[in-house]
Amino acid sequence: MQRAIERKGIPTISITVARDVTEHCQPPRAVFVPFMMGHHFGVPFHSELQQRLILAALKHLVAAQRSGQIEIVPVTWAQARQEGKAIEQAMSIRN
Amino acid sequence: MTAHSSEAKQLRPGLWETINERYPGSMITKDDLVPLARLRKPLSEARLTFVSSAGVQPKGTMPFDVAHPIGDFSFRRVPSDASPAALEIHQIKYPTNGALKDLNVIFPIERLQELAAAGVIGGLTPNFFSFIGYQMDPARFERTLAEEIAEAVAAERADAALLCPA
């Protein structure tokens, strides 16, 4: 699908949590985040992280020089979860 | 090992092999590369669209057929100004524990609205595009759904597309 959109002259970027799957289907551009399936943009209520991941993807959309390049976003699931838990705890205290 | 190392590991390694063993012929492998299309304007002027295989759809639209053995080759338009409360998820292939608390972890519609409002991106297409990732006939998928969504994206005059293969 990404290839079909790119062939229309529209640049594309995908955000993937399955690096091997992405390496097999070789989309024009992709960023990999080492997160759990279904959590491509991080953890609940962590708006800053969610936004940072979108921006990382858009940065690669602009910067990629060759087709098929997969950029790795420097984040870890452990840290995202830890921060997410702290955010949820703070929210439950407020409520 | 740093997180930025090329050795950064995914949480579910061997996914391609696992699925291709279970559902032979369902996984896509490409040997060629498509030439890169170039962004013709700065991001701050570009109209962005979002394409998702997460099975997110406006409440009240026909639910995706998650039980069909071959998959559901239809897609839904999701208004880009929708609120998460107006959307629901129909799919059974990825964990939704995060998304059920905050849809933005898989369908970051509010973050995209904020980036557009802040002028980081020029704007959003009127609709985003959504389907389910369970597709067992890749040739049919490429021939039909992929082309239909590509046409719909072009028709909404997107300058760039963010895709999230769930």
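Arg157(B) has its place in the loop between H4 and E7 of chain B, where helices (H or I, at least four residues) and strands (E, at least two) are DSSP runs, numbered from the N terminus. This is a predicted model, in which local features need pLDDT of at least 70 and side-chain atom pairs count only at pLDDT 80 or more, while totals for chains, interfaces and linings use all residues. Residues are numbered from 1 along each chain as its sequence is written, and chains are lettered from A and ligands numbered from 1 in the order in which they are written.

**Backbone angles**

- Arg157(B) has a positive phi of about 55° although it is not a glycine.
- Most residues other than glycine have a negative phi.
- Because 11 C-beta neighbours lie inside 10 Å, Arg157(B) counts as exposed; a residue is buried if 20 or more other C-beta atoms lie within 10 Å of its own, exposed if 12 or fewer, and partly exposed in between, with C-beta atoms placed from the backbone.
- Phe45(A), also not a glycine, has a positive phi of about 70°, and lies in the loop between strand E2 (29–32) and helix H3 (47–63) of chain A.
- Phe45(A) counts as partly exposed because it has 18 C-beta neighbours inside 10 Å.

**Chain A**

- Chain A holds four helices and three strands, which follow one another along the sequence in the pattern α-β-α-β-α-β-α.
- Taken along the principal axes, the C-alpha atoms of chain A fill a box of roughly 50 × 25 × 20 Å, and 48% of its 95 residues count as buried.
- Of the contacts in chain A between residues at least 6 apart in sequence, 59% join residues at least 24 apart, two residues being in contact if their C-beta atoms, placed from the backbone, lie within 7 Å.

**Between the chains**

- In chain B, 55 residues are in contact with 53 residues of chain A.
- Helix H1 (15–22), helix H2 (109–117), helix H4 (145–155) and strand E7 (160–164) of chain B each supply at least two residues of the side that touches chain A, and H4(B) gives the most, with six residues.
- Strand E1 (residues 12–16) of chain A and E7(B) run parallel and are joined by three bridges, and two strands pair if DSSP finds at least two bridges between them.
- Ile13(A) stands opposite Leu162(B) in E7(B).
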